[in-house]
Amino acid sequence: MPLPLLAYPVLHSSGQWIAYAGAGYVANTLSATWIGAFILGNSSLLASVGLVSGAGFAAASGALAGFGASAAAGLGKALTAVGLGGVASWLGIAPTVTFLGLTPAGWAAIGMAAVVAVLGAIFSRRFMKKLNDERVKGGLGPITVRQIVSEVQKFEGDAKRRVLEALAQQGTDIQIDGDDVQILGQVYSIERLRYRINKDGSEEIGYVTRLGRFVRIYLVKPGDEPQSGDPLPI
């Protein structure tokens, strides 16, 4: 997989953050938070190493704001409503195998230490300097790669909780208890769960096994049309 063009957030004239790469802004990456713009600007990279799922992308874009009233319709529709329908299909490039021969599920299984190490190699000193220079201009302090990963994880975790809470309010078989959630009578750690949008339009919640296999535990939305091929892990 070729390395995507890296983007760093800059303060927009609106007062929000927007991702910047190459010689201009990255479309559809305006976000109320620095980490939100960073996630949207580097969506393919962060999804490929298993850091962000569909829940995180929806939260970063603001699409989760109207999700509660239409939770059964899924996140793909919410993303499309804010001009990010392409993210629902992982920007149209979703590879099965990413860095070092691992799938996104494989990255999620091997742990964050490896992810931090790989991102540390990808984010050059020059890139990190530009990123931190813009943070300082926006009134934020400098940040390290490990801190970025930690912020992304927290953002994704909060987004998953919001999605689960919205689904629970719709009268589904979901009950949240602290850091855990009961789905169809089984208890899971929220941190372990992933929200995935598939090629056929179906959306599901599941977890990644230690062997890197995604296991579905809840179908949020059935597919629009039957389609062959593996699902897109976002």
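How many aromatic pairs does the count come to? The points below give the answer and its context.

1. The count comes to seven aromatic pairs, where rings of Phe, Tyr and Trp (its six-membered ring) pair if their centres lie within 6.5 Å, with planes under 30 degrees apart counted as stacked, over 60 as edge-to-face and the rest as tilted. Tyr8 and Phe127 make an edge-to-face pair, with 6.1 Å between centres and 65 degrees between planes. Because Tyr8 belongs to strand S1 (residues 8-11) and Phe127 to helix H8 (residues 125-137), this pair ties together parts 119 residues apart in sequence. Helices (H or I, at least four residues) and strands (E, at least two) are DSSP runs, numbered from the N terminus.

2. This is a predicted model, in which local features need pLDDT of at least 70 and side-chain atom pairs pLDDT 80 or more, whereas totals for chains, interfaces and linings use all residues. Residues are numbered from 1 along each chain as its sequence is written, and side-chain values use heavy atoms, without hydrogens and water.

3. Both Tyr8 and Phe127 are buried (under 20% relative accessible area; exposed is over 50%, partly exposed in between; 1.4 Å probe, protein chains only).

4. One aromatic cluster comprises Tyr8, Tyr20, Tyr25, Trp34, Phe38, Phe123 and Phe127. The charged end of Arg135 sits over the Trp34 ring, 4.6 Å from its centre; the criterion is NZ of Lys or CZ of Arg within 6 Å of the ring centre and within 35 degrees of the ring normal. Arg196 lies over the face of Phe214, 3.6 Å from the ring centre.

5. The protein chain averages a pLDDT of 80, and 76% of the residues score at least 70; pLDDT is the predictor's confidence in each residue, from 0 to 100.
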